[in-house]
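Trainee: I am new to this structure and would like to go through it with you, one question at a time.

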Amino acid sequence: MVGTIVAGVVVLVVGLFLVRLVLQLAFATEGDVPDASSMDLPAGSSVTASETSCGSGGCWTMFTVLPPDGTTPAELARQIEDEHGDGIPGDLLDPRTIFVSAEARASDVAVRGSFW
C-alpha cells in the first residue's frame, strides 16, 4: 500500500516536471533573455546595470559588470570567455543554453547573454 502511494507520487512529480519542460520549450520565444542570476559570473564581480535589446535573430541582455578587487576588466573578460565561451548549459528548471560574450571596457566589462 505505502509502496503504491510512493510510486504514484513519484510518477506524478516526474509527469509534472515533464509537462513543465515541454511547455517551456514549446513557448520559448526570441524575446526570452537570461537574467543576471543565470549568468554564473565569477565570485566578487557585481552587475551594476542591464539592458535588453532585440534585433534580427532574437533578444539579448547586456550586463555591465564590475570586476572584483584586484582584477582588471581585461582579466575578468578573459575569465568569463574562458569559462563560458561555449555557453552556460541549462539545468533541470531551465534547459536552455545561455550564450555568453564579454568585452573589457575602461573600468568594467560588458557581458552579453542570450538564448539564441
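Trainee: How many disulfides does the structure hold?

Mentor: Please keep in mind that this is a predicted model. A disulfide is a covalent bond between the sulfur atoms of two cysteines. Cys54 and Cys59 form such a link, with their sulfur atoms 1.8 Å apart, and the angle about the S-S bond is 100°, making the link right-handed. The number of disulfides in the structure is 1.

Trainee: Which element gives the largest share of the largest nonpolar core?

Mentor: This core has 13 residues, and among those that touch the most other members are Met39, Ile80, Ile98 and Val100. Two or more residues come from each of strand E2 (58–66), helix H2 (73–84), strand E3 (99–104) and strand E4 (109–114). Ile80 touches, among others, Leu41, Pro42, Val100 and Val111, leaving aside residues up to four places away in sequence. The largest share, 3 residues, comes from H2.

Trainee: How many residues in the lining of the largest pocket are charged?

Mentor: The largest pocket holds about 160 Å³ of space, and its lining includes Arg20, Asp91, Asp94 and Arg96 as well as Ile88, Leu93 and Phe115. Of the lining residues, 5 are nonpolar and 2 are polar, while the number of charged ones is 4.

Note on methods: Residues are numbered from 1 along each chain as its sequence is written. This is a predicted model: local features need pLDDT of at least 70, side-chain atom pairs count only at pLDDT 80 or more; totals for chains, interfaces and linings use all residues. Side-chain values use heavy atoms; hydrogens and water are left out. A nonpolar core is a set of buried Ala, Val, Leu, Ile, Met, Phe, Trp, Tyr and Cys residues joined through side-chain atoms within 4.5 Å. Buried means under 20% relative accessible area, exposed over 50%, partly exposed in between (1.4 Å probe, protein chains only). Helices (H or I, at least four residues) and strands (E, at least two) are DSSP runs, numbered from the N terminus. Contact means heavy atoms within 4.5 Å. On a 1 Å grid over the protein atoms alone, a cavity is a set of points where a 1.4 Å probe fits but cannot get out, and a pocket is an open set with protein on both sides within 12 Å along at least five of seven lines; lining residues have an atom within 4 Å of a point. Grid points are joined across faces, edges and corners, and a volume is the space filled by probe spheres set on the points. Ala, Val, Leu, Ile, Met, Phe, Trp, Tyr, Cys and Pro count as nonpolar, Asp, Glu, Lys and Arg as charged, and the others, Gly among them, as polar. A disulfide is a pair of cysteine sulfur atoms within 2.5 Å.
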